Amino acid sequence: MLNRHARGFFTSLFTPLARWLLRIGVSPDAVTIAGTAGVILGGLVLYPLGFLWWGSVVVAFFAFSDVVDGIMARLQGRSGGWGKFLDSTLDRLADGAIFAGLTIWFFTGGEDPAIGSAAVICLVLGMVVSYARAKAESLGYQASVGIAERAERLASVLLVTGLTGLGLPPVVLFGTLILLALASVVTIVQRMTAVRRQAMAEADGTAAA
């Protein structure tokens, strides 16, 4: 997750835009949907065509909708569950589009099945990371722990993918994906451990009562 200073910087940067969008009648939900559509465009259209640099630029640009829609919701005083549910659901689509696009390219024109396979592994593990937290919270537990938060995962893969499109040796992208996969495994274990600890403490408390 972005650290507090980074969040504060981007909030200050995008607040004028958020106010303007609200003033002309654009809703936070519309920004969320448009941002996801833009990420899918970059991930599932530009990446499979081999435009790794421009695909990363497009994805990064539209990914900031996550910041803008949150600011808009706060300015409107909206804190209901619908916005959070929509945002979280569409985030999974966006993540899937990015890694699926890389998989398609490197299994076809990119001619590097090793990178394609690593992208598939990152896709699956990233979904499990998100699911573990969502399921834990649905059961009343906290699982917002781990070394591989979504923001860091996306920032690293977008940066290295874009640079690969500019001539960075593909092996660097392969190494990055492997590290992301390992970090995701560690995060899954951390979240499972955190939930188990809470569940055991809950069970002990119930037994003591």
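Because the model is predicted, local features are kept only at pLDDT of at least 70 and side-chain atom pairs only at pLDDT 80 or more, while totals for chains, interfaces and linings use all residues. Residues are numbered from 1 along each chain as its sequence is written, and side-chain values rest on heavy atoms, with hydrogens and water left out.

In an unreviewed entry, UniProt lists residues 20-45, 51-68, 114-134 and 154-183 under "transmembrane region". UniProt positions follow the numbering used here, feature names are shortened, and annotations may be inferred rather than shown by experiment. Helices and strands are DSSP runs numbered from the N terminus (helices: H or I, at least four residues; strands: E, at least two). On that basis, residues 51-68 are 89% helix and 0% strand, with their end C-alpha atoms 26 Å apart. Residues 114-134 come out as 100% helix and 0% strand, and there the end C-alpha atoms lie 30 Å apart.

Next come the empty spaces. Rolling a probe the size of a water molecule over the atoms shows where empty space is left. The search uses a 1 Å grid over the protein atoms alone: a cavity is a set of points where a 1.4 Å probe fits but cannot get out, a pocket is an open set with protein on both sides within 12 Å along at least five of seven lines, and lining residues have an atom within 4 Å of a point. Grid points are joined across faces, edges and corners, and a volume is the space filled by probe spheres set on the points.

The second largest pocket holds about 190 Å³ of space. Its lining is made up of F14, L17, L21, V31, A34, G35, F61, F62, F64, S65 and V68. Helices α1 (4-23), α2 (28-46), α3 (52-63) and α4 (65-76) each put in at least two of the lining residues. Sorted by class, the lining has 9 nonpolar, 2 polar and no charged residues; here Ala, Val, Leu, Ile, Met, Phe, Trp, Tyr, Cys and Pro count as nonpolar, Asp, Glu, Lys and Arg as charged, and the others, Gly among them, as polar.

As for cavities, the count is 1 of 30 Å³ or more. The largest cavity has a volume of about 90 Å³. Two or more of its lining residues come from each of α5, α6 (113-138), α7 and α8 (170-208), and α6 gives the largest share, 4 residues. Among the lining residues are D95, R150 and R153. By class, this lining has 6 nonpolar, 2 polar and 3 charged residues.

Helix α4 deserves a look of its own. Buried residues of α4 are S65, V68, D69, G70, I71, M72 and A73, where buried means under 20% relative accessible area, exposed over 50%, and partly exposed in between (1.4 Å probe, protein chains only). Just after α4, G77 takes a positive phi of about 75°.

UniProt's unreviewed entry puts "binding site" at D29, A30, V31, T32, G70 and R74. Of these residues, V31 is included in the lining of the second largest pocket. A30 lies in α2 and is partly exposed, at a relative accessible area of 36%. Leaving out residues up to four places away in sequence, T32 touches D69, L86, D87 and L90, with contact meaning heavy atoms within 4.5 Å.

UniProt, again in an unreviewed entry, lists D91 as "active site". D91 is found in helix α5 (residues 81-107) and counts as buried because its relative accessibility is 11%. Beyond residues up to four places away in sequence, D91 touches D66 and R150.

Finally, T161 sits in helix α7 (residues 150-165) and is buried, with a relative accessible area of 0%. Residues up to four places away in sequence aside, T161 touches Y47, L52, S56, L102 and L173. The C-alpha atoms of T161 and L52 are separated by 6.0 Å, although the two residues are 109 residues apart along the chain.
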